[in-house]
Amino acid sequence: TGKKPKTSHIYPFLEKLTEKGVATMEEKGDRGKKVYQLTEDGEDLVREQLDAFGEILNAAIQGEIEECENCGCEIYSGGHEENGKIYCCKHCAASE
């Protein structure tokens with residue numbers, strides 16, 4: 001959106017990451033400054049998200065975005081192929 005994130009959005013998000021076990025929080029110093037760090041699961045999550053984003057970006061750049069024969073949604077990677085047609089999932093293929 002072009003706007004800088006506000007602390008009223010950032011800290012609740014960091015708390016959710018901590019609750020889900022993908023980040024830890026430690027208070028440091030006299031003022032109890034909160035320091036957040038990704039756990040191993042958090043690092044895996046970030047890696048997966050960056051890989052997925054990379055696939056979408058790569059597909060968009062190369063013009064390889066396919067369209068589901070049934071519902072018309074965009075397929076960035078994978079998909080389900082049946083009888084020479086590409087579908088977003090096996091459910092769309094079955095409904096044809």
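Student: Which residues make the nonpolar surface patch?

Tutor: This is a predicted model. In it, Leu38, Val46 and Leu50 make a nonpolar surface patch of about 250 Å².

Student: Where is Leu50 found, and is Leu50 buried or exposed?

Tutor: Exposed is the word used for over 50% relative accessible area. Leu50 has 57% relative accessibility, so Leu50 counts as exposed. Leu50 is found in helix 2, which covers residues 40-62.

Student: How many salt bridges does the structure hold?

Tutor: A salt bridge needs a side-chain nitrogen of Lys or Arg within 4 Å of a carboxyl oxygen of Asp or Glu. The structure holds one. The partners are Asp44 and Arg47, and their closest N and O atoms are 2.9 Å apart.

Student: Why are Asp44 and Arg47 separated by about one helical turn?

Tutor: Because they are three residues apart in helix 2. As for accessibility, Asp44 is partly exposed at a relative accessible area of 31%, and Arg47 is partly exposed at 45%.

Student: What does a search of the whole structure find in the way of aromatic pairs?

Tutor: The search finds one aromatic pair. The rings belong to Tyr11 and Tyr36; their centres are 6.4 Å apart and their planes are at 50°, so the pair is tilted.

Student: Which parts does the pair tie together?

Tutor: Tyr11 lies in helix 1 (residues 7-19) and Tyr36 in strand 2 (residues 33-38), so the pair ties together parts that are 25 residues apart in sequence. Tyr11 counts as partly exposed, at 36% relative accessibility.

Student: What does the side chain of Thr39 reach?

Tutor: It reaches the backbone oxygen of Gly21, at 2.9 Å. The place of Thr39 is in the loop between strand 2 and helix 2. Leaving out residues up to four places away in sequence, Thr39 touches Gly21, Val22, Ala23 and Thr24.

Student: Next, backbone angles. What is phi of Asn83 near?

Tutor: The general idea first: most residues other than glycine have a negative phi. Phi of Asn83 is near 55°, a positive value in a residue other than glycine. Asn83 has its place in the loop between strand 5 (80-82) and strand 6 (85-87). With a relative accessible area of 74%, Asn83 is exposed.

Student: Where does Gly79 lie, and which residues is Gly79 in contact with?

Tutor: Gly79 lies in the loop between strand 4 (74-75) and strand 5. Setting aside neighbours within four places in sequence, Gly79 is in contact with Ile86, Tyr87 and Cys88. Its relative accessibility is 42%, so Gly79 counts as partly exposed.

Student: How far is the C-alpha atom of Gly79 from that of Ile65?

Tutor: The two C-alpha atoms are separated by 11 Å, and the residues are 14 residues apart along the chain.

Definitions and conventions:
Residues numbered from 1 in each chain as written. Predicted model: local features only at pLDDT ≥ 70, side-chain atom pairs only at ≥ 80, totals over all residues. Heavy atoms only, no water. Phe/Tyr/Trp six-rings, centres within 6.5 Å; stacked < 30°, edge-to-face > 60°. Helix = DSSP H or I, 4+ residues; strand = E, 2+ residues; numbered from the N terminus. Buried < 20%, exposed > 50% of the residue type's maximum accessible area, 1.4 Å probe, protein only. Patch = residues over 30% accessible without salt bridge, like charges linked within 9 Å, V, L, I, M, F, W, Y side chains within 5 Å. Areas by Shrake-Rupley, 256 points an atom, 1.4 Å probe, with all protein chains shown as cover. Polar contact = N/O pair within 3.5 Å; in protein donor to acceptor, adjacent residues only side chain to side chain. Contact = heavy atoms within 4.5 Å.
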